[in-house]
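I opened the model today to look up a few things about packing. My notes follow.

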Amino acid sequence: MAPVLYSIALVLSSLEALSSLHAGLDSSVIEQVRSNLIAIASQSWELGTAAEALTELDWPALSVFNASAFPPPHVLNSANNASDVLKIANDTVSAKPNDSLALVANDGAVGDPASIGVAVLLANWTDSSNTSYAIAAGEQLDYLLNVAPRTDSGAISQRNDEVQLWADFIYMAPPFIAYYGALQAGDNESYLLQTAYEQISLYRDVLRDDDGLWRHVALGSWEDTTYVFEPFRSMNVSKSTTVTGQPVPIPVHSIIYADTHDFISGNGWAAAGMLRVLETLNHSSMATDFADQTANLTQWIQEILSSSWQYQLENGTLLNTIDDSNSFADSSGTALLASVTYRMAVFTNDTSLIPNADKAFQLVESNIDGDGWLRDTVDPETFDSPSAADSASPEGQAFVLLLQAAYSDYAEAAVREVETMMTMEVSFVVVDWYVPIDIFNVRCII
């Protein structure tokens, strides 16, 4: 057979990646973390994040990171039933009032209820006998696209009582919009995939700082009144209604503030949300039509990762306010950024940040106590103070599962790559000459 050309650097890089693999979390620890997550997740964004974490960890064939994600099977078998994910979807839809477009009524946040939307869409796809899922998902999409407040540029607000952009939104709403689109066909699919991408781009325009990190919150009234951003004073915002479709003005505060803190959790939410949209685009039927968007998302995610890891402490942690040495350690945000790093290494074949992710993994593992609770987390309600000693972070529990799922996929990809090299005739190229080496039938021993 014809030789396959590999550079020695590529092969050595792959072997180095293989040699650094570790076992990951013990299965008993994973089960404790998982059980604790299910027990305490109650807020809309906690349930949505839990559903995604459970999908990626326990039902990876159904996640957007699987090449055959679209369409998902119409019938789930006993080995791939996603029962815990579908329970979240069913409980949410069952509790939803008929007069609420959002999946969770009176939530206050625009994006958070949509985070459960992917689970609801999966439930609809796999249970055609229950039309309530389709109706609920459609109403949630309608609320996001046609009712929720927006900035003058078109960015959907994260809050429903005023226009305010939160980095968290990127994980909550765009993945749902993109997933909805990927299950469609033709113009509907293209429109929703593009809408998900555009929302990310619009948010990035406002929240991104010059150093590549994202601020957590911008626009609207905010407790951090230290800095006033003059360009936002005159920003005109509006929303439309499903009844008239006409813009309805929303009063703009005389002074509009922006939170200037680069929180690790906010950057994690943004990077992880962009990653889910990236993989949805990549595995959709219109992947080739979205090459430019895919390239941009890849660059934007890598920018956050590179900018964040440069502040990593020697013990592997990232601080809650990334670039503030007086801030406290946040193992939950560290876990989320590490999960994105492992998945991006698979997507781009760039392992340069894996040492950072490995150090972070060790830190996270050491911060899981004997009962399966992640410690040293930020308080998810305040996100500027540590969690109390007698409390736990539901999202932190979910981030641990996302980290384990991402690492498992990374490790499997590393093994596959080396095995591929070891089962064919390879020519190692060095400058202008090559040395043919027949290593057919040679296997890696792991």
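Is helix H3 mostly covered or mostly uncovered, and how many of its 15 residues are buried? I looked it up in this predicted model. H3 is mostly covered, with 13 of the 15 residues buried.

Next I checked the span of H3. The helix runs over residues 44-58. I get 21 Å from its first C-alpha to its last, close to the 21 Å expected at 1.5 Å a residue.

Then I turned to the nonpolar cores. The largest one holds 122 residues. I asked which members touch the most others: Phe176, Trp214, Met274, Leu297, Ile301 and Tyr342. Helix H14, residues 394-422, supplies the largest share of this core, 11 residues. A second core is separate and has five residues, among them Val217, Phe263, Val378 and Phe383.

I followed up Phe176. I left aside its neighbours within four places in sequence. What remains in contact with Phe176 is Ala114, Gly117, Val118, Leu121, Ala137, Gln140, Leu141 and Leu144.

Last entry: Trp166. I find this residue in strand S2, residues 165-166. Is Trp166 buried or exposed? Its relative accessible area is 14%. The cut-off for buried is under 20%, so Trp166 counts as buried. I also looked for polar partners of Trp166. Its side chain makes a polar contact with the side chain of Gln164, at 2.8 Å. Finally, I compared Trp166 with His216. They are 50 residues apart in sequence, yet 5.6 Å apart in space, C-alpha to C-alpha.

Notes:
Residues are numbered from 1 along each chain as its sequence is written. This is a predicted model: local features need pLDDT of at least 70, side-chain atom pairs count only at pLDDT 80 or more; totals for chains, interfaces and linings use all residues. Side-chain values use heavy atoms; hydrogens and water are left out. A nonpolar core is a set of buried Ala, Val, Leu, Ile, Met, Phe, Trp, Tyr and Cys residues joined through side-chain atoms within 4.5 Å. Buried means under 20% relative accessible area, exposed over 50%, partly exposed in between (1.4 Å probe, protein chains only). Helices (H or I, at least four residues) and strands (E, at least two) are DSSP runs, numbered from the N terminus. Contact means heavy atoms within 4.5 Å. A polar contact is a pair of N or O atoms within 3.5 Å; within protein, one must be able to donate a hydrogen and the other to accept it, and residues adjacent in sequence count only if both atoms are side-chain atoms. The expected span of a helix is 1.5 Å times one less than its number of residues.
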